[in-house]
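Morning, everyone. Let me put the structure up and walk you through it.

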Amino acid sequence: MSTLSKPGKGQVINRPRVSLGKRIHRDLQMNWRLYLLFLPVLAYFIIFKYAPMAGLVISFQDYKAAKGIPGSKWVGMKHFISFFNDPFLPRLLRNTITIALSTLIFSFPSAIVLALLINELRSRKMSRVVQTISYIPHFISVVVVCGIIRDLVSRTGGVTMLLHSILGIQVTNMLYEPNYFVPIYIVSDIWSNIGWNSIVYLSALTAIDQELYEAARVDGANKWHQIIHITIPCLVPTIVIMFILKVGKMFDVGYEKIMLLYTPLTYERADVINTYVYRRGFAENVNFSYSTAVGFFNSVVCFALVFITNKITHRMGGNSLW
Amino acid sequence: MTAISKHKEKQAIKIPLGERVFYMVDDALMILLCVLILIPLIHVVAGSFSDGASYMSHSGLLLWPLNPTLAAYRSVINNQNIWTGYRNTLFVVIVGTSLDMLFSLVAAYVLSRKKYMLKNFFNLLVVFSMYFSGGMIPFFLVVKGVGLYKSIWALILPSLVNVFNLVIVRTAMTGVPDSLEESAQLDGAGHLTILFRIITPLVLPSVAVVALYYAVSHWNSWFNAMLFIKDRKYYPLQLILREILILSDTDEGFMMSETIQFATIVVATIPILCVYPFIQRYFVKGIMVGAVKG
């Protein structure tokens, strides 16, 4: 017995010392094919995801394309300080937050509600038709959607005419009115995505055990009770995960769409951080370093938001990304 | 006795009033939603078949063409730019989606394997890039730096892997029983055989959905093309559409009548709309989002 246990003891003592080199060796021997397979993917991530992160250093420089990163002058926090003093900063923050929160308040729940409503349809056929139709707009490109919006809200457009006759709004090109910008953005956002975003929830709904409903019915629960006490609680994990992801993208508000819809007339309500990054990077008053600093600020805020939301939801109920 | 039990049965089947109202409201809401979604599309299609001058003098929504004519379609078909755009977009969609899928499948396979040292590191590396990015300018500089500026490959290589899509496939692959892989290994199958012959067929719904995601995003993307493509010969369809639909409003040089704009929309959107119903049955099955966990 004792002789048998001795080598065991020796191994325990030896393991940490020998381990790393040996373990790497053994791991490579066993898995080198796997690593080889991953190499192209790794290269992709390093070049197109991590190299740009490293490129953020130019926000601390006065970057000149001709000199490259090594040759450009280091200027410390200069660009961040001038961004915090930028006269447009309040406007950018206000617009970004307004649009982001409006999406969160209106677009985000709309897909959940739609999934619940589709789930409760009695006719299979109708449920399929509603799904097919509501997915269509997702396949229409943002350029085309904005083209359609431009027509519908123009002076003679269908939406302008409709709102004129119902609410009595003034006949005008609504895209040139700053105050209409956010509503136009949100309504078209819902139109585009409500169906598509409901898929995740529908797929979570199909996973609910039907016996739960039967048991509830036996106990005398009506439809409403069933939705409140079974369906929605079963959806919560999915909702939480989608919510955290949404928060992470929140400050990236659909700048591609905004760029296609806004004009200098509506910058007051429409200009967000990312559109400003684009303009200062490529269009007006071009300054790569300044633009990168603004983008850097945006990325950090996004990351912090995901992190905080994740912490909060984790503490609240244990649903979290990590 | 029998009368009573029959009576009871009837009661059990009868749907309470509240519930009936609920179902009716639900049906009505869904019909309303479908109408609201379809109206803009009907307007576009009706407009595309309308006479240009009649449309100009008309205001409000169209549900039927005004003085039906094919004139708008004729000028779209004669617009060489649109066909060049089509060709470039098809190239990007076909080559891009194939490469995207190849990379995503391989990545998902490696990330879902067990027992290798760098597994957690690889997963962290991939997932972190979903939450933090270098932003627009550094991305632009990197793409330019690797020599893709003004090349159509700038629309393919920089966006090879979408992490969200990758995670969907990875989750599906994690669900495949290990025993299948082990027995294949005993038969001498290599990683590629296991991946493409055994695992991929088993996670087909997810693969189909993700392939559709990639194809749609290539078809619809315009922003990268605007940044990187300078030669009109390589303009994808969406950049041409941007000129016709967006810039024509503000820039005299691109002036284009509305009916032609509508016909362009129809011509540019029909192909992608024809594809998705074939994959629709996979939608709900293919996307599991328990999923996104890192």
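Start with helix 11 of chain B. Of its 17 residues, 12 are buried, so the rest of the structure largely encloses it. Keep in mind that this is a predicted model. The buried set is B:Ser206, B:Val207, B:Val209, B:Val210, B:Ala211, B:Leu212, B:Tyr214, B:Ala215, B:Val216, B:His218, B:Trp219 and B:Asn220.

A:Leu260 sits in helix 11 of chain A, residues 255–261. Buried or exposed? The cut-off for buried is 20 or more other C-beta atoms within 10 Å. A:Leu260 has 22 C-beta neighbours inside 10 Å, so it counts as buried.

Which residues does A:Leu260 touch, leaving out those up to four places away in sequence? In its own chain, A:Val142, A:Val143 and A:Cys146. Across in chain B, B:Ile246. The largest nonpolar core holds 141 residues. Those with the most contacts inside it are A:Val143, A:Val144 and B:Val169. Helix 8 of chain A, residues 181–206, gives the most to this core, with 10 residues. A:Val143 is also one of the residues that A:Leu260 touches.

Stay with A:Val144 for a moment. Leaving out residues up to four places away in sequence, A:Val144 touches B:Leu241, B:Leu245, B:Ile265, B:Ala268 and B:Thr269.

That brings us to the interface. How many residues of each chain are in contact? On chain A, 78; on chain B, 76. Helix 1 of chain A, residues 2–54, supplies the largest share of the chain A side, with 18 residues. By class, the chain A side has 49 nonpolar, 19 polar and 10 charged residues.

Next, chain A as a whole. Chain A has 14 helices and 2 strands. Its radius of gyration is 27 Å, whereas a compact globule of 322 residues would be near 20 Å. Along the principal axes, the C-alpha trace of chain A spans about 95 × 75 × 35 Å. Buried residues make up 39% of chain A. Of the contacts in chain A with a separation of 6 or more, 65% join residues 24 or more positions apart.

Now the domains. Chain A is divided into domain 1, 2–68, and domain 2, 79–317. Their centres, over C-alpha atoms, are 39 Å apart. The contact between them takes 6 residues from each domain. On the domain 1 side, 3 are nonpolar, 2 polar and 1 charged.

Chain B is divided into domain 1, 15–69, and domain 2, 79–292. Here 32 Å separate the domain centres. In chain B, 7 residues of domain 1 are in contact with 7 residues of domain 2. On the domain 1 side, helix 2 (17–48) and helix 3 (52–56) of chain B each supply at least two residues. Helix 2 of chain B gives the most, with 4 residues. By class, that side divides into 3 nonpolar, 4 polar and no charged residues.

That's my tour. Thanks.

Note on methods:
Residues numbered from 1 in each chain as written. Chains lettered and ligands numbered in written order. Predicted model: local features only at pLDDT ≥ 70, side-chain atom pairs only at ≥ 80, totals over all residues. Contact = placed C-beta atoms within 7 Å. Nonpolar A, V, L, I, M, F, W, Y, C, P; charged D, E, K, R; others polar. Core = buried A, V, L, I, M, F, W, Y, C linked by C-beta atoms within 7 Å. Domains from an automatic or database assignment. Rg over C-alpha atoms; globule rule 2.2 N^0.38 Å.
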